[in-house]
Each structure stands twice: as structure tokens, then as C-alpha cells.
Amino acid sequence: NTRGHIVGTYTDSSGNGHGFLLRKRALTNIDVPSGESTIPTGINAEGDIVGYYTGSPFNPHGFLLRKGTFIKFDVPAAFGIGTEANGINPQGEIVGLYFDGSGNTHGFLLSKE
């Protein structure tokens, strides 16, 4: 983001994916509660982090991490098959993609309005 904070992912020796936040040379783990793997994909200037996590049966689900609280979400048209949040702007609008029941990929914009 504009403050130099970086989000990313790493894989542990068991093959599980974990997210991280690198801020002022300090590394913080990001793991969605009850998720199998966590993949953060974006951070805005306010420090809001978005991404996706896999659950059982390994379908991706979107998340927003704001002020230490995880908000999990799926695009309704995805029917729980797959939602990936990929970016967030300063206004808190989230963009990403989802998979429909036929396996087709679609984009989405999640806005407060």
C-alpha cells in the first residue's frame, strides 16, 4: 500500500498456506479462523486487508480483515463454490472474482452503496 505495508502468503512444512503482513520490519501472521489456507491479496492505505481462504472442501471464500476482525463472505451467485477478493481501495470497495455453478468465472465489486 502507500505506507509500504506488504501482504503475502507462505507455505509451511505441512503444506498449509498462511498469510502475512509486513509492516515496519515486523512480520504478523494472518490466518482466517477455521480456514485451511489463507491468501491475502490486497491492502489499502487504511490497513484493511482482503483475500481468500480455503475451507472444507477447499473451496475459496473471501475475507476482509479490518481492525483485527475477520469478515468472511461469498458472492451470493457463487453458491459457496468460490469467491476470491483481490483488491480494496481507500473507500473500502472490494473487487474480485467468483465461480458460478457451471464453473464460469465472473468479476464482482462489493461497495457500501
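**Close-up views of a predicted model**

**View 1. Lys-24 is situated in the loop that links strand 2 and strand 3 (26-30).** A strand here is a DSSP run (E, at least two residues), numbered from the N terminus. This is a predicted model, in which local features need pLDDT of at least 70 and side-chain atom pairs count only at pLDDT 80 or more, whereas totals for chains, interfaces and linings use all residues. Residues are numbered from 1 along each chain as its sequence is written, and side-chain values use heavy atoms, with hydrogens and water left out. Lys-24 has a positive phi, near 50 degrees, although Lys-24 is not a glycine. Most residues other than glycine have a negative phi. With a relative accessibility of 77%, Lys-24 counts as exposed (buried is under 20% relative accessible area, exposed over 50%, partly exposed in between; 1.4 Å probe, protein chains only).

**View 2. Ser-34 occupies the loop between strand 3 and strand 4 (37-43).** The phi of Ser-34 is near 65 degrees, a positive value in a residue other than glycine. Ser-34 is exposed, and its relative accessible area is 66%.

**View 3. Strand 1 (residues 6-11) and strand 2 pair in the antiparallel sense.** The pairing runs over 6 bridges (two strands pair if DSSP finds at least two bridges between them). Thr-9 stands opposite Gly-19, a residue of strand 2. The two strands, 1 and 2, form a hairpin with 5 residues between them. In the turn of this hairpin, Gly-15 has a positive phi of about 90 degrees. Leu-22 belongs to strand 2, which covers residues 17-23, and is partly exposed at a relative accessible area of 31%.

**View 4. The largest nonpolar core contains 10 residues.** Its members are Val-50, Leu-64, Phe-73, Val-75, Ala-78, Ala-85, Ile-88, Ile-94, Tyr-98 and Phe-108 (a core is a set of buried Ala, Val, Leu, Ile, Met, Phe, Trp, Tyr and Cys residues joined through side-chain atoms within 4.5 Å). At least two residues of this core come from each of strand 8 (83-88) and strand 9 (94-99). Another core, of 9 residues, lies apart from it and has Ile-30, Ile-43, Phe-63 and Leu-65 among its members.

**View 5. Phe-73 and its contacts are shown, leaving aside residues up to four places away in sequence.** Phe-73 touches His-61, Gly-62, Phe-63 and Leu-64, and also Thr-83, Ala-85, Ile-94, Phe-108 and Leu-110 (contact means heavy atoms within 4.5 Å).

Key: Helices (H or I, at least four residues) and strands (E, at least two) are DSSP runs, numbered from the N terminus.
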